[in-house]
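Please look over the sequence and the structure first, then read on by topic.

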Amino acid sequence: MTRTSGLLAAVAILLAATGCQRETGPDPLKLTGKMFVFNYRLAYATYMITLSKTEPVPDGSVVVARFENPAGGEALMLERKLFPKLEKVVLESPDLTCVKKNRPYAVTIEVKGPEGQSLQKLETSVISDIDQDIMPAKALVEGPAYDKNPEVFRGGKAPEHFETASCPT
């Protein structure tokens, strides 16, 4: 065996070995965005995570997200079915309270196959650039026509000062 063919054989073995390190194949989702969404009119905040599908997933797969609860206690959980033809996945948490500026909040995302087997796990954090206490304490509007909330606009008039959200803890 010549020196060149020996070197090529070694490279081929090395490439084959590195290709076998991941038994389940490439990750099906790629994180493309993460932020807090503050809805001032309706007085709530949520996590918003966006992902792009990079590989097909088996029919019946789901994505499970766990969001750190800024108010403390159990993590907030969300489960969504992954549809084969949809290339983008958007995860929006349940409503939040007590979001603090410049504090990282943990988010764990797991893709599970139809039988519940783990296909991928992602861990990230989301940081807000504002405190939630800038939000109104109560929704400013209500109903499908966004009518003024009578609890806030007494007699149809805006209060001199809006009550802002506060953290119970």
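Cys98 and Cys167 are joined by a disulfide, with 1.9 Å from S to S; a disulfide here is a pair of cysteine sulfur atoms within 2.5 Å. This is a predicted model, in which local features need pLDDT of at least 70 and side-chain atom pairs count only at pLDDT 80 or more, while totals for chains, interfaces and linings use all residues. Residues are numbered from 1 along each chain as its sequence is written, and side-chain values use heavy atoms, with hydrogens and water left out.

**The disulfide**

- How many disulfides does a search of the whole structure find? The search finds one.
- The link spans distant parts of the chain, 69 residues apart: Cys98 is in the loop between β5 (88-92) and β6 (104-112), and Cys167 is in the segment after β9 (147-148). Strands (E, at least two residues) and helices (H or I, at least four residues) are DSSP runs, numbered from the N terminus.
- The torsion about the S-S bond of Cys98 and Cys167 is about 95°, so this disulfide is right-handed.
- Cys98 counts as buried, at 6% relative accessibility, whereas Cys167 counts as partly exposed, at 26%. Buried means under 20% relative accessible area, exposed means over 50%, and partly exposed lies in between (1.4 Å probe, protein chains only).

**Overall make-up**

- The protein has 169 residues, and 28% of them count as buried.

**Aromatic pairs**

- Rings of Phe, Tyr and Trp (its six-membered ring) pair if their centres lie within 6.5 Å; planes under 30 degrees apart count as stacked, over 60 as edge-to-face and the rest as tilted. By this rule there are five aromatic pairs.
- One of them is the tilted pair of Phe36 and Tyr47, with 4.7 Å centre to centre and 35° between the planes. Phe36 lies in strand β1 (residues 29-39) and Tyr47 in strand β2 (residues 44-53), so this pair ties together parts that are eleven residues apart in sequence.
- Are Phe36 and Tyr47 buried or exposed? Both are buried, and for Phe36 the relative accessibility is 9%.
- Tyr47 also pairs with Phe67, and this pair is stacked: 4.9 Å centre to centre and 25° between the planes. Tyr47 is in strand β2 and Phe67 in strand β3 (residues 62-67), so here the parts tied together are 20 residues apart in sequence.
- Phe67 is buried, as is Tyr47.
- Ring pairs link Phe36, Phe38, Tyr47, Phe67 and Tyr105 into a cluster.

**Charges over rings**

- A charge sits over a ring if NZ of Lys or CZ of Arg is within 6 Å of the ring centre and within 35 degrees of the ring normal.
- Arg41 lies over the face of Tyr146, at 5.3 Å from the ring centre.
- The ring of Phe153 has the charged end of Lys148 over it, 5.4 Å from the ring centre.

**Positive phi values**

- Tyr146 is not a glycine, yet its phi is positive, near 55°. Tyr146 is in the loop between β8 (141-142) and β9 and is partly exposed, with a relative accessible area of 45%.
- Ala43, also a residue other than glycine, has a positive phi of about 60°. Ala43 is placed in the loop between β1 and β2 and counts as partly exposed, at 22% relative accessibility.

**The largest pocket**

- The largest pocket holds about 190 Å³ of space; grid points are joined across faces, edges and corners, and the volume is the space filled by probe spheres set on the points.
- Which residues lie nearest the centre of the largest pocket? They are Thr97, Cys98, Gln132, Ala165 and Ser166, out of 17 lining residues.
- By class, the lining has ten nonpolar, four polar and three charged residues. Ala, Val, Leu, Ile, Met, Phe, Trp, Tyr, Cys and Pro count as nonpolar, Asp, Glu, Lys and Arg as charged, and the others, Gly among them, as polar.

Note on methods. 1 Å grid on protein atoms, 1.4 Å probe; cavity = no way out; pocket = protein on both sides within 12 Å on 5 of 7 lines; lining within 4 Å.
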